[in-house]
Amino acid sequence: MTRRDHNKRSTELVRAELDGDTWSVTSRVRLRTPGRVVLRCGQGRDGFLWLRAGDTWTRIGV
């Protein structure tokens with residue numbers, strides 16, 4: 001999951017695991033991006049998270 005900060009060139013990446021009926025956060029990291037992360041513009045594919053940041057796509061290994 002990601003959480004962007006309005007008009008900032010970073011995002012928070014939160015990893016979590018489903019344990020029965022509840023989610024548990026396993027890690028939380030702040031990532032610097034080449035531009036402002038676009039709202040609702042993230043996609044997962046082949047084990048990577050792709051975020052639209054500025055005029056480019058940024059690949060994040062999951």
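Is glycine 54 buried, partly exposed or exposed? Glycine 54 counts as partly exposed, because its relative accessibility is 31%, between the 20% limit for buried and the 50% limit for exposed. Welcome to this briefing on a predicted model of a chain of 62 residues.

**The chain as a whole**

- Starting at the N terminus, the order of elements is β-β-β-β-β-β.
- The C-alpha trace spans about 40 × 25 × 15 Å along its principal axes.
- Buried residues account for 23% of the chain.
- The accessible surface is about 4,800 Å², and carbon and sulfur atoms contribute 47% of that surface.
- Take the contacts between residues at least 6 apart in sequence: 23% of them join residues at least 24 apart.

**Strands E1 and E2**

- E1 covers residues 2-4 and E2 covers residues 10-19.
- These two strands pair in the antiparallel sense, with three bridges between them.
- Their hairpin has five residues between the strands, and asparagine 7 there takes a positive phi near 60°.
- Arginine 3 belongs to E1 and stands opposite glutamate 12 in E2.
- With a relative accessible area of 44%, arginine 3 is partly exposed.
- Setting aside neighbours within four places in sequence, arginine 3 is in contact with Thr11, Glu12 and Arg30.
- Arginine 3 and glycine 42 are 39 residues apart in sequence, while their C-alpha atoms are 11 Å apart in space.

**Strands E2 and E3**

- E3 takes in residues 22-32, and 10 bridges join E2 to E3 in an antiparallel arrangement.
- The E2 and E3 hairpin has two residues between its strands; glycine 20, in the turn, has a positive phi of about 70°.
- Valine 14 stands opposite arginine 28 in E3, and serine 24 in E3 is the bridge partner of glutamate 17.
- Serine 27 is also found in E3, and its relative accessibility of 27% makes it partly exposed.
- Apart from neighbours within four places in sequence, serine 27 is in contact with Leu13, Val14 and Arg15.
- Serine 27 and threonine 11 are 16 residues apart in sequence, with a C-alpha to C-alpha distance of 14 Å.

**The salt bridge**

- How many salt bridges does the structure hold? The structure holds one.
- Glutamate 12 and arginine 28 form a salt bridge, and their closest N and O atoms are 3.6 Å apart.
- This pair links distant parts of the chain, with glutamate 12 in E2 and arginine 28 in E3, 16 residues apart.
- Is glutamate 12 buried or exposed? Glutamate 12 counts as buried, because its relative accessibility is 12% and the cut-off for buried is under 20%.
- Arginine 28 counts as exposed, because its relative accessibility is 55% and the cut-off for exposed is over 50%.

**Strands E5 and E6**

- E5 runs over residues 48-53 and E6 over residues 56-61.
- Six bridges join these two antiparallel strands.
- Which residues make up the covered face of E5? Leu49, Leu51 and Ala53 form the covered face, whereas Phe48, Trp50 and Arg52 form the uncovered one.
- In a regular strand, side chains alternate between the two faces of the sheet.
- Arginine 52 stands opposite tryptophan 57 in E6.

**Back to glycine 54**

- Glycine 54 is found in the loop between E5 and E6.
- The hairpin of E5 and E6 has two residues between its strands, and glycine 54 takes a positive phi near 65° there.
- Not counting residues up to four places away in sequence, glycine 54 touches Gly35 and Arg36.
- Glycine 54 and aspartate 5 are 49 residues apart in sequence and 14 Å apart in space, from C-alpha to C-alpha.

Terms used: Residues numbered from 1 in each chain as written. Predicted model: local features only at pLDDT ≥ 70, side-chain atom pairs only at ≥ 80, totals over all residues. Heavy atoms only, no water. Helix = DSSP H or I, 4+ residues; strand = E, 2+ residues; numbered from the N terminus. Buried < 20%, exposed > 50% of the residue type's maximum accessible area, 1.4 Å probe, protein only. Contact = heavy atoms within 4.5 Å. Areas by Shrake-Rupley, 256 points an atom, 1.4 Å probe, with all protein chains shown as cover. Salt bridge = Lys/Arg side-chain N within 4 Å of Asp/Glu carboxyl O. Pairing = 2+ DSSP bridges.
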